[in-house]
Each structure stands twice: as C-alpha cells, then as structure tokens.
Amino acid sequence: MTDLPLTLIAELSYKCPLHCPYCSNPLEIGSDHYRSELSTEEWARVLREARSLGALQLGLTGGEPLVRKDLEQIVAVSRELGLYSTLVTSAIPLTLARLTALRDCGLDHVQISIQDVDRENSDRLAGLTSFDRKLEAAAWVRELDLPLTMNVVLHRQNLDHISELLELCHQLGAGRVELANTQYYGWALENRAALLPTREQLARAEEAVERFRARSDVTMGILYVIPDYYEDLPKPCVGGWASRMILIAPNGDVLPCHAASTIPSLSFENVRDRSLEQIWFESDSFNAFRGTAWMQEPCVSCPIGHQEVDFGGCRCQAFALTDDARAADPVCRYSKHRHLVTEAVEAAQELGSPAPLVYRTTRRRGAART
C-alpha cells in the first residue's frame, strides 16, 4: 500500500535575492519552463488537494517566497485548512509590517538561512550584502513570538566557525538550528571542489556540536547532518522515494524530492493538468523508484538487508555520479561506484585556496566569483 504524504513543499517562486552556490533549485531555473508561476487560486486549490491527501505540514519556500505579493492569502488558506506552515526565507525582502501581517494570517513558524557568523564571509557566500538584515529579521520573529529556526548550510568555507554559529543562533533565541552539511547535487555539485570539507574539519565540527548540546543553558534543538560522502551507507531519500513528501515547483510541476528534476529520464506531471491525488498514486515519476521492485544489484541482494531501510539511497545522487538513476547510491560501501565518492573525499583533504564559486543565477550559468 502506498503511503500518504505528510509534507507539501511549495516552491512559490525561483526568484531570489541571494545567489548561494549550494542552492537546491534546478540549474535551469532561468529557462522558459519555469516562468509561468501558479496563480493564487491555483495554489489555494493545490493546498486543499494536499490536505485532502493527508498532508499536515506546509513549507513555503523558493527561491524566495516573499517575492510573492499573495503570500498572505496563501498563508490564510493554509491556516483555514489546518496545515502547519513554515516560511523558509532568506529574510532579505522581509519587513516587520509584513511579518506581522503573515502572523496575523496564520503563519506558524519562520526559518531563516544564514551563511556564516562572519559578516564578510556570509555576504560573500550569499552573493549579496545580507548578514545584518538576517539578524534584524530574526529579532522581529522573536519580537512577534513566532517560533524561529535558523538554517546553516555547512561546507569547507564556514565549517570551522560552527561553535560561533551555534552561539549566534542561541543568542538570537532560535528554538531550533539546522546544521546541514552540503549534499552534492545541482548547484552544490557544480561547486563540490570549493565546498567539500576535510575529515579534520568534520571531526572538529562534530565535537563542537556535542559540547554545545551538553551546555546546561542551551535548550535549542540542534540538528546536525554530515555530508553523505563521509558515510559508508546511504540515507533514504526523504524517507523513501515518494513516500512522505510532495514538492511543487513554481510552474506547477510535481516532484517527489528537491532534486528529482535532475534525472532526465523522468517527466513530471503538472497540477494544472491532473489532481495531486492522481499524480501521487498514478504518475510514472512518483512510481519510478517506490518500494524495491526497481532495484539492481547490489541492492537486490543487499548483504545487510537494507533494501527497505535506505531504499537504495538517493536516486538523484546516484544519477549525478553514475548517469544511472537505478544504480546503488555510490555512498554505499557495496556500490561498484564507491570509488567516485572516495576519490572526491581524498581530493578534498588538502585545504588550499578554495576553487572559484559558481553562483546560483536565474539569468545565466558559469559566472564565477571569488
């Protein structure tokens, strides 16, 4: 029996003031394919369909969701339906007045990204002067008594500041901080040479996290996830392909995960053409890697019986590294492609001058900044 989705990720727009070089948005966000964004009425219908299908949580994200002038209306529909809504934002377009309006419409939770504790490096990584604005916005969230999560994507260019990052999030009054080491697909794969950390960096970071968790004055929840490349068994893709989450792109394409569009053999149905229920249960893309029937060796006869534990790992990572979305995730120690991960990790052990970054852009690709 197919599970029902718990979470709807609504990518309201791919427009964004930031240019983060690890962004999970598609590399082709500037193409005509993504220009026709769903209307307010279409998003309202999608939320109703998601709630009927069983969704309980709504992530309002992008790009930058605040570029949508109808965000308050979308939040109000979410509250009416009983969805728990989270605004996932760079905070750059945010004002206190607008945050107040969103709260009054029923917004439940705010997540703000921050690139580093060092102002100059944070702004460099974001591709925009933004550090002070983020701190101001975090203060507004707490002033309005909204739950605050701070999100930090970690990599070799900020990982050594993890103690200071945790202290900053603690001082901002965050109830939760997500310390997510970069996962390498999309824009992050383009920048892997500049972002993949060393073993020593990761060891120091893990020790710093444990010291912070042990402090008696810290009640902040801390999620710390290391890069897949430093594991020897893969993680299940968002709980298993098309088992827990639905993601809707700004143009209405429906995907089972953030990076599914990187697999060219898949075509994705659109909410303008079919209902979410039909897409969830019937679409080829959602059924492509559900369960275990699609698996190849060594997954079929997994030596440790993890077929229904990790479901072969990340399909997008498998394709990115092997050109075969059905291959075992190369992170797995039993994968014949494990050497691809090992070689990347070994190449990262020398900490010299970082490679130039390829910044996220909706206009053109390949613009490098240092």
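Q: Let's start with a term: what is a nonpolar core?
A: Take buried residues of the kinds Ala, Val, Leu, Ile, Met, Phe, Trp, Tyr and Cys. Those joined through side-chain atoms within 4.5 Å form one set, and that set is a nonpolar core.

Q: How many residues does the largest nonpolar core have, and which have the most contacts inside it?
A: Keep in mind that this is a predicted model. With the definition above, the largest nonpolar core comes to 112 residues. The ones with the most contacts inside it are Met150, Ile162, Leu179 and Ile248.

Q: What share of the contacts with a separation of 6 or more comes from residues 24 or more positions apart?
A: Here a contact means heavy atoms within 4.5 Å. For the protein, the share from residues 24 or more positions apart is 72%.

Q: What percentage of the residues counts as buried?
A: The cut-off for buried is under 20% relative accessible area. Over the 370 residues of the protein, the buried share is 56%.

Q: How far apart are the centres of the positive and negative side chains?
A: The protein carries 38 positive and 50 negative side chains. The distance between the centres of these two sets is 3 Å.

Key. Residues numbered from 1 in each chain as written. Predicted model: local features only at pLDDT ≥ 70, side-chain atom pairs only at ≥ 80, totals over all residues. Heavy atoms only, no water. Buried < 20%, exposed > 50% of the residue type's maximum accessible area, 1.4 Å probe, protein only. Lys, Arg positive; Asp, Glu negative; His and termini not counted. Charge placed at Lys NZ, Arg CZ, Asp CG, Glu CD.
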